[in-house]
Amino acid sequence: MNAPLQIRDAQDRPTAGRTTLGTLVGLGGAVAGFALRPVIAGIELGLGLERELRRGLTRRTEAALLAGLDALLLSPVAGEAVDRVLASELTRRTVSGALAGPLVEATARDLVTFEVIERAADELLASETVDGVLDRAQAADVPRRVADRLLADGVLDQVVARVLEGPELERVVESALDSAAMERLVVRVIESRLLNEAVERLLQTDELWLMVDEIARSPSVSAAITRQSAGFVDEVADGVRARSRKADDLIESRIRRAFRRGQRERPGGEGAGT
Amino acid sequence: MTETAPPSTAARLAAAAAARRAHPEPARVEYEGLVTRAVAFTLDAALINVVAVGVGAAIGLSLSVLKVPGDVETALFALGGVSYLLWSVGYFVTFWSTTGQTPGNRLLGIRVRRDDRDEVPRPARALLRLLALTVAAIPLLAGFLPILFDDRRRGVHDMLAGTVVVNAPKYPPG
């Protein structure tokens, strides 16, 4: 009986050692986890505080930026700054240089080629950015001030004159007219129902026919029609006159030749035949 | 040294018109031949008859709805004939003695004037010319043949009335 017991003890001894070690490790881990729980909680609390702080800081920064922008736009400094920038020689030189250089042409060509305007317009119209910007600019009365300043200083006149006199506009128009996008746009406009309806409504308005009547009754139109009619009658009469005179000369010369008479003496001027 | 700008077209035309007014070129006289005068006369005859036929048709239509005795109708026909004669004579005499141009002459650019000076014939001379023209037509239009031979392209009626037919410039100088 003792021999089997000895064998079982010899077999159970290492297993019991491993179990004890595992228990000890588990116990140690539990103790460590319990002991570190405040640390972890502290870290989580710190991270949360950091997030909240960051959010609050971002909100306050944005609010401060918008408030600053509002204050800047509403302040007379903004108007003065716009005035000074527009009145500066640098602005004039920049505008002239930009219009005179190849940049305008290349930009216009690329804008048309890559349909940048269409895509940008789609993006802008899809977002609310445009509305927000326009609301703020309108609230600050910026457009009126900019327009007033542009008109008062003649900057707009100079720009318009430069654009009209320069070859850039012609080239831009030519490239736009040659582009397939413009062709598609024109075809779309012509085929659209809007144009037909606009023409129909225009034809239904009394004002159009009043205007047509006024034009038809105008002295210049009457004079033009009279001139044209008189011109036609004169033309016919000139033709008849030329042919009849040619026939006169022909008949007369043949008869004179037949009767062996010399050519008729032709008078040279006023009084020669009197 | 300043450069003067070249004058505009309007300025050049105005200057040319002023020069023409200051020194008008003498009008070149051309005596008009048989064909031109015949065409003008045809146009005048057409105009005279269109008016006469129109008036006659209007009077005839008016009388057709009225009961007019036969004698009155005869008298009206006679009156119509006299009116037609007066209308024809008055047409030529009036135009020849006022402007020297009947509407047919005006269209063909010709005019009647005295052969000794550049004046339109007086009414008596114009009437004489018309009578002579009728006489010239009687012998199978032989009275018009001298137009082909005469140096001043005068017919018998021109010789009798002392007139010539000359060109009338559309825009007289001066």
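At what relative accessibility does Leu140(B) stand, and does it count as buried or exposed?

Guide: Leu140(B) counts as exposed, at 81% relative accessibility. Here buried stands for under 20% relative accessible area, exposed for over 50%, and partly exposed for what lies in between, with a 1.4 Å probe and protein chains only. The model is predicted, and local features need pLDDT of at least 70, side-chain atom pairs count only at pLDDT 80 or more, while totals for chains, interfaces and linings use all residues. Residues are numbered from 1 along each chain as its sequence is written, chains are lettered from A and ligands numbered from 1 in the order in which they are written, and side-chain values use heavy atoms, with hydrogens and water left out.

Leu140(B) lies in the loop between α5 and α6 (146-149) of chain B. Although Leu140(B) is not a glycine, its phi is positive, at about 55°. Leu141(B) belongs to the loop between α5 and α6 of chain B too, and this residue, again not a glycine, has a positive phi of about 65°.

The surrounding chain may now be considered. Chain B has seven helices and two strands, where helices (H or I, at least four residues) and strands (E, at least two) are DSSP runs numbered from the N terminus. Their order from the N terminus is α-α-α-α-β-α-α-α-β. Of the 174 residues in chain B, 32% are buried.

The largest nonpolar core contains 16 residues; such a core is a set of buried Ala, Val, Leu, Ile, Met, Phe, Trp, Tyr and Cys residues joined through side-chain atoms within 4.5 Å. Phe92(B), Trp96(B), Leu130(B) and Phe144(B) have the most contacts inside this core. Two or more residues come from each of α2 (34-64), α3 (70-98), β1 and α5 (123-137) of chain B. Leaving aside residues up to four places away in sequence, Trp96(B) touches several residues, including Val112(B), Ala126(B), Leu130(B) and Leu133(B), contact being heavy atoms within 4.5 Å.

The strands of chain B come next. Strand β1 (residues 110-114) is mostly covered, with five of its five residues buried. Strand β2(B) is largely enclosed by the rest of the structure, because five of its five residues are buried. Five bridges join β1(B) to β2(B), residues 163-167, and the two run antiparallel; strands pair if DSSP finds at least two bridges between them. Across this pairing, Arg113(B) stands opposite Val164(B), and Arg114(B) has Thr163(B) as its bridge partner.

Helix α2 (residues 76-87) and helix α7 (residues 142-153) of chain A pack at an angle of about 30°, with axes 10 Å apart. Axes are lines fitted to C-alpha atoms, for helices over the stretch in contact, and angles run from 0 to 180 degrees between N-to-C directions. Among the residues that meet are Val82(A) and Leu86(A) in α2(A), and Val146(A) and Leu150(A) in α7(A).
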